[in-house]
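I opened this entry to keep a record of what I looked up, in the order in which I looked.

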Amino acid sequence: ENAILPAGSCCPICPPKTCDFEGQTFEDGAVFFSSSNACSNCTCSDAKVSCHSLTCPVCSDPLPKPAGVCCDECEDCFYRRGRRVPNFRQFRSDACTTCSCTYGNITCSVRECPTPSCKKTIKDRRFCCPICQVCTYGGKQYDDGDVFPSATDSCETCECRGTEVNCSRIACPTCSHPAPLLEESTCCPNCSACLLEGVVFDDEAEFQHPLDSCLRCRCQSG
C-alpha cells in the first residue's frame, strides 16, 4: 500500500515510515524532545512515537534554568545575590562561616568561638570571634573598668577605660600630726594615729602632753 516507483527503477518500493507528533513529522529512528514537555524524550520507531521521562540530577543550589530546559544544572552552584560558585570551590559567607560547592549543593560550617578570658568584649566585623577589650599597662593586662595603682607614681591611681589607661592623683586626707608611714611607698600621710614630740598615740587616745604636764590632749585622726 502507498508503494512508490522511483524514477529509473522497475520495481516499486515502500515509502519511508515517519511519525506525526505534536504537529511535526519525524523520520523513523529520530530521537527528539516533546515540544510540550521538556522532560519527555521521544523516539520515532516504525511510525510510532514512544516517550519516557528524563532522570534529572537533584541538587539544592542549582544554576538558574533556561526556558525549555528540563533538568537543573548541578555542575556549579548558585549562591544568594546571584553569585555563581564553581564546583569544589570554597568561600566565606561571613567571618564565621565557611561554605563549599559540590555538584550544585552548598554546605556550610560555622566556627565555634572560645569563651572570652575577659569581662568585656567588642565585635569587629573583620573577625569571627569577639575581641577582648583590655588595657596593657606596666606589662600587665587589665579589663575594662579595672582600677589599679600607677606603676610610676605611688600617689596616682589608674583606671582601664576601653583600651586606654587614665591615671589621676589620689585624694589624700589631711592631718596636723600624722604618724610615721607604715610603708615608704605610701603616698598619703598616716592619719590613723598621732605623732607628738616624737611619741605616737593611738587614734582617740587621751594623754598628757609630753612637754607640758598641765596640758591634756586627745588624738583625733592624726
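Which residues form a positive surface patch? I found that Arg80, Arg81, Arg83 and Arg89 form it; a patch takes residues with over 30% relative accessible area and no salt bridge, with like charges joined within 9 Å. A salt bridge would be a side-chain nitrogen of Lys or Arg within 4 Å of a carboxyl oxygen of Asp or Glu, and the place of an Arg charge is taken as CZ.

I noted that this is a predicted model, in which local features need pLDDT of at least 70, side-chain atom pairs count only at pLDDT 80 or more, and totals for chains, interfaces and linings use all residues. Residues are numbered from 1 along each chain as its sequence is written, and side-chain values use heavy atoms, with hydrogens and water left out.

I then looked up arginine 83, which lies in strand S7, residues 83–85, and counts as partly exposed because its relative accessibility is 39% (buried is under 20%, exposed over 50%, partly exposed in between, with a 1.4 Å probe and protein chains only). Threonine 18, in strand S1 (residues 18–21), is also partly exposed, at 33%.

For the chain, I recorded 22 strands and 0 helices, where strands are DSSP E runs of at least two residues and helices are H or I runs of at least four. Of its 222 residues, 25% count as buried.

Last, I looked up the dimensions: the radius of gyration, taken over C-alpha atoms, is 47 Å, whereas a compact globule of 222 residues would have one near 17 Å. The C-alpha atoms fill a box of roughly 165 × 25 × 20 Å along the principal axes.

Note on methods:
Patches are made of residues with over 30% relative accessible area and no salt bridge: like charges are joined within 9 Å, nonpolar side chains (Val, Leu, Ile, Met, Phe, Trp, Tyr) within 5 Å. Accessible areas come from the Shrake-Rupley method with a 1.4 Å probe; for residues, only the protein chains shown count as cover. Lys and Arg count as positive and Asp and Glu as negative; His and the chain ends are not counted. The radius of gyration is taken over C-alpha atoms; the globule rule is 2.2 Å times the number of residues to the power 0.38.
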